[in-house]
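Good morning, and thank you for coming.

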Amino acid sequence: PKLEENNLNEMRRAYYALCTHIDHQIRLIIATLREEKILDNTNILICSDHGDMLGYFNLFGKRTFYEGSSKIPFILIGSEGNKKIKINYEDNRLVCLQDVMPTLLDLSEIKIPKTCEGLSVIGDEKRNYLYGEVLENNSATRMLHNGSFKLIWYPAGNVIQLFDLEHDPDELFELSQNSKYKIILEDLETELIKNLYGNDLDQGYVENGNL
């Protein structure tokens, strides 16, 4: 249900208050590391498993691939003298939670197992596409991101959305029907199909090479 404006604002204030609470707890952790004299020998990674739609597009919670839900912080602080992390540096590569383990191993100079599916975000290797999935059956949503454009696909109804995040970070302009972006759309669809597996294929989400 759609919230009244005052209730919506209260909900958003409560959410950001909780974010502030987390910030305070991070401060306590860092202070404890400093008191124990191990801060300079500690690598820190701050991230989240998902965001919250906060009523935008009249959606709440997670389980969508709009930026409010899927774009999360991924912040690295290296130990003293660790030259693998640049100070005040922002990297625009595509990252996801499966990169947490290889990144921390790389920072700690521990060999990354070949079975690890993620990538170290401080390494030279970068992914060209990022695939995401959530839920199954009629609630299923799939996503393919190339760093600039994002395709969101809803198998139920075969609905596609395409957003140019560089020029439209708030996802206000849906481009899938715009012929100007036909080649980009086809490229993302092709890559998305390559990533589908298991139940998605069993349910016939792909026919004759098309969604």
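By a polar contact I shall understand a pair of N or O atoms within 3.5 Å; within protein, one of the two must be able to donate a hydrogen and the other to accept it. Please also keep in mind that this is a predicted model.

The term applies to lysine 150, a residue of strand β5. Is lysine 150 buried or exposed? Its relative accessibility is 1%, and buried means under 20%, so lysine 150 counts as buried. The side chain of lysine 150 has a polar contact, at 2.8 Å, with the side chain of glutamate 67.

Let us turn to the sheet. Four strands form an open sheet in the order β3-β4-β5-β6, and their pairing is antiparallel. Which strands stand at the edges? They are β3, residues 130-134, and β6, residues 159-164; each has a single partner strand, so one side of each is left without a neighbour in the sheet. On average, and with direction ignored, neighbouring strands of this sheet are turned by 15 degrees against each other.

Glutamate 4 belongs to the segment before α1, the helix of residues 5-35. With a relative accessible area of 54%, glutamate 4 is exposed, because the term applies over 50%. Its C-alpha atom is separated by 16 Å from that of methionine 53, which is 49 residues away along the chain.

Helix α1 itself has 31 residues. From its first C-alpha to its last, α1 reaches 45 Å, close to the 45 Å expected at 1.5 Å a residue. Which residues of α1 are buried? They are Leu8, Arg12 and Leu33. An α-helix has 3.6 residues a turn, so residues three or four places apart point the same way. Among the elements that cover the buried residues of α1 is β1, residues 44-47.

Finally, α1 is followed by lysine 37, which has a positive phi, near 60 degrees. Thank you for your attention.

Definitions and conventions. Residues are numbered from 1 along each chain as its sequence is written. This is a predicted model: local features need pLDDT of at least 70, side-chain atom pairs count only at pLDDT 80 or more; totals for chains, interfaces and linings use all residues. Side-chain values use heavy atoms; hydrogens and water are left out. Two strands pair if DSSP finds at least two bridges between them. Helices (H or I, at least four residues) and strands (E, at least two) are DSSP runs, numbered from the N terminus. Axes are lines fitted to C-alpha atoms, for helices over the stretch in contact, and angles run from 0 to 180 degrees between N-to-C directions. Buried means under 20% relative accessible area, exposed over 50%, partly exposed in between (1.4 Å probe, protein chains only). The expected span of a helix is 1.5 Å times one less than its number of residues. Contact means heavy atoms within 4.5 Å.
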